[in-house]
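Hello,

Here is the structure we talked about, with its sequence. Please open it alongside the notes below.

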Amino acid sequence: MVDGKGETIEVPSGQTVTLQDVIWNVPGPDGMTTRFRFLAPAIADAVDFDIAEADMIALCETFALPRLTEFGPQPEQVVISLSDRAVAFGDSAPDAVQFFESYRVEDGKCLWEMF
């Protein structure tokens, strides 16, 4: 796991999004998965899923893709998550608002995959 150190990333909606961490050493259902986890406090009340979904694809294509080589071989899957608060990976947080999307990387693009 790599700590995101609170790096702020611009997204289409204009909401404040910061990198919480990147996790690449935990296998996913389709093989090697790299997870980019972001804090997005506005999803708790001001940003709905449709808006957040556009932000997640933008985060995959403009933030995650250029950094994938930093974490080793190309993963089978990239997961982008937004959370209104920091939640430790693998922990249950019923009060947290969290959105997750899964993508496969093909021809330099993030293609949505159903979980």
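There is one disulfide in the structure, and the model is a predicted one. Cysteine 60 and cysteine 110 form it, with their sulfur atoms 2.0 Å apart. The bond joins distant parts of the chain. Cysteine 60 sits in helix 1 (residues 49-67), and cysteine 110 sits in strand 7 (residues 109-113). The two cysteines are 50 residues apart. The torsion about the S-S bond of cysteine 60 and cysteine 110 is about -80 degrees, so this disulfide is left-handed. Cysteine 60 and cysteine 110 are both buried.

Next, strand 4 (residues 33-39). Six of its seven residues are buried, so strand 4 is largely enclosed by the rest of the structure. Strand 4 pairs with strand 3 (residues 17-23) in the antiparallel sense, over five bridges. Here threonine 18 has leucine 39 of strand 4 as its bridge partner. Strand 4 also pairs with strand 5 (residues 77-83), in the parallel sense and over seven bridges. In that pairing, arginine 35 has valine 79 of strand 5 as its bridge partner. The chain runs from strand 4 through helix 1 to strand 5, and this β-α-β crossover is right-handed.

Last, confidence. The protein chain averages a pLDDT of 90, and 97% of the residues score at least 70. Among the elements of the chain, helix 1 has the highest mean pLDDT (96). Strand 1 (residues 2-3) has the lowest, at 79. Where pLDDT is low, the predicted coordinates should not be read in detail.

Best wishes

Definitions and conventions
Residues are numbered from 1 along each chain as its sequence is written. This is a predicted model: local features need pLDDT of at least 70, side-chain atom pairs count only at pLDDT 80 or more; totals for chains, interfaces and linings use all residues. Side-chain values use heavy atoms; hydrogens and water are left out. A disulfide is a pair of cysteine sulfur atoms within 2.5 Å. Helices (H or I, at least four residues) and strands (E, at least two) are DSSP runs, numbered from the N terminus. Buried means under 20% relative accessible area, exposed over 50%, partly exposed in between (1.4 Å probe, protein chains only). pLDDT is the predictor's confidence in each residue, from 0 to 100. Two strands pair if DSSP finds at least two bridges between them. A crossover is right-handed if, with the strands pointing away from the viewer, the path from the first strand over the helix to the second runs clockwise.
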